[in-house]
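Let's take a walk through this protein, from its overall layout down to single side chains. Have the model open and follow along.

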Amino acid sequence: LSREGKTAIMEVYSPPRVDALARMWGIMPGMSLDLTSVDPEDGMPWDFNVAEKRDKAEALVARGSSMLIIGSPMCSAFSQLQSLNWKRLGPEKVNKMIRDGTRHVRFCAKLYRIQMEQGLYFVHEHPAHARSWQDPEVDKLVRDYRVKTVVGNMCMFGMNQEAEGSSGLVKKDTRFMPNAIMIAERLNKVCVIKPIVMFL
């Protein structure tokens, strides 16, 4: 946090990505609330399966700590592709995955609403065809007149993956939900780069 307790960006369920770029560009540093980063006050990871960490993150947002929240909760509980492996995992693990995934997505939705109430901004990111978009709390946001949704291909943002000793761009259809039209326009990009060697 800056001396005034403010940041430009807060990434939720994401290791530092946009924040890392912001630091490179000399923009006010942000913060990442993710299992891979720790709360500086107690040295513990930002594990949002823990109610105290959810409460603390909510308090940060309620104070208007960040101009922009970027939410990228794990999509394994909602992915059509990942669901092909559910038989191998067994019902207990699958039920926990769905329960945790639903809690995480709804927690993001709660943070976004608090953010909007303060006249601030958010972007939600999830695979375009993930079942999470059908969750009632997410659907309420999609239908909010202040919110826009667009689909972009991750190859347009430099996403690539290595396979069999070579790497290539990944087309991955991703749906973005921001509450700022200018952000929506920047994210509404489909692949124009060839070849695309891998699709997710």
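What follows goes from the fold to the cores, then to the rings, one asparagine, one isoleucine and the cysteines.

A word on the ground rules. This is a predicted model, so local features need pLDDT of at least 70 and side-chain atom pairs count only at pLDDT 80 or more, while totals for chains, interfaces and linings use all residues. Residues are numbered from 1 along each chain as its sequence is written, and side-chain values use heavy atoms, with hydrogens and water left out.

Start with the layout. The protein has six helices and eight strands; helices (H or I, at least four residues) and strands (E, at least two) are DSSP runs, numbered from the N terminus. Read from the N terminus on, the elements go β-α-β-α-β-α-α-β-α-β-β-β-β-α. Of the 200 residues, 42% are buried, where buried means under 20% relative accessible area, exposed over 50% and partly exposed in between, with a 1.4 Å probe and protein chains only. Contacts here are heavy atoms within 4.5 Å. Among contacts with a separation of 6 or more, 64% are between residues 24 or more positions apart.

Now look inside. In soluble globular proteins, nonpolar side chains tend to be buried together. A nonpolar core is a set of buried Ala, Val, Leu, Ile, Met, Phe, Trp, Tyr and Cys residues joined through side-chain atoms within 4.5 Å. The largest one has 28 residues, and M10, V12, L33, F48, I69, F122 and M177 have the most contacts inside it. Which elements give two or more residues to this core? They are strand 1 (7-12), strand 2 (31-33), helix 2 (51-62), helix 4 (91-117) and helix 5 (136-142). Helix 4 supplies the largest share, eight residues. Zoom in on F122: leaving aside its neighbours within four places in sequence, F122 touches L68, I69, Y112, M116, V147, M177, P178 and N179. There is also a second, separate core of ten residues, with V123, V150, M154 and A184 among them.

Next, the rings. A pair of aromatic rings is described by the distance of the centres and the angle of the planes. Rings of Phe, Tyr and Trp (its six-membered ring) pair if their centres lie within 6.5 Å; planes under 30 degrees apart count as stacked, over 60 as edge-to-face and the rest as tilted. The whole structure has four such pairs. W46 and F48 sit with ring centres 6.3 Å apart and planes at 45°, so this pair is tilted. F48 also pairs with F107, again tilted, at 5.0 Å centre to centre and 45° between the planes. F48 is in the loop between strand 2 and helix 2 while F107 is in helix 4, so their pairing ties together parts that are 59 residues apart in sequence. F48 is buried at 2% relative accessible area, and F107 is buried at 5%. Ring pairs join Y13, W46, F48 and F107 into a cluster.

Two rings have a charge over the face, meaning NZ of Lys or CZ of Arg within 6 Å of the ring centre and within 35 degrees of the ring normal. K53 lies over W46, at 5.1 Å from the ring centre, and R175 lies over W133, at 4.6 Å.

Then there's N179, in the loop between strand 8 (173-178) and helix 6. N179 counts as buried, at 13% relative accessibility. What does its side chain reach on the backbone of F122? The side chain of N179 reaches the backbone nitrogen of F122 at 2.9 Å, and also the backbone oxygen of L120 at 3.0 Å.

I183 and V123 are 60 residues apart in sequence, with their C-alpha atoms 8.2 Å apart in space.

Finish with the cysteines. The structure holds one disulfide, a pair of cysteine sulfur atoms within 2.5 Å. C155 and C191 form this disulfide, with sulfur atoms 1.8 Å apart. The link of C155 and C191 is left-handed, with -130° about the S-S bond. Why does the pair tie together parts that are 36 residues apart in sequence? Because C155 lies in the loop between strand 5 (150-153) and strand 6 (160-163), and C191 in the segment after helix 6 (181-187). C155 is buried at 2% relative accessible area, whereas C191 is partly exposed at 21%.

Technical notes:
Polar contact = N/O pair within 3.5 Å; in protein donor to acceptor, adjacent residues only side chain to side chain.
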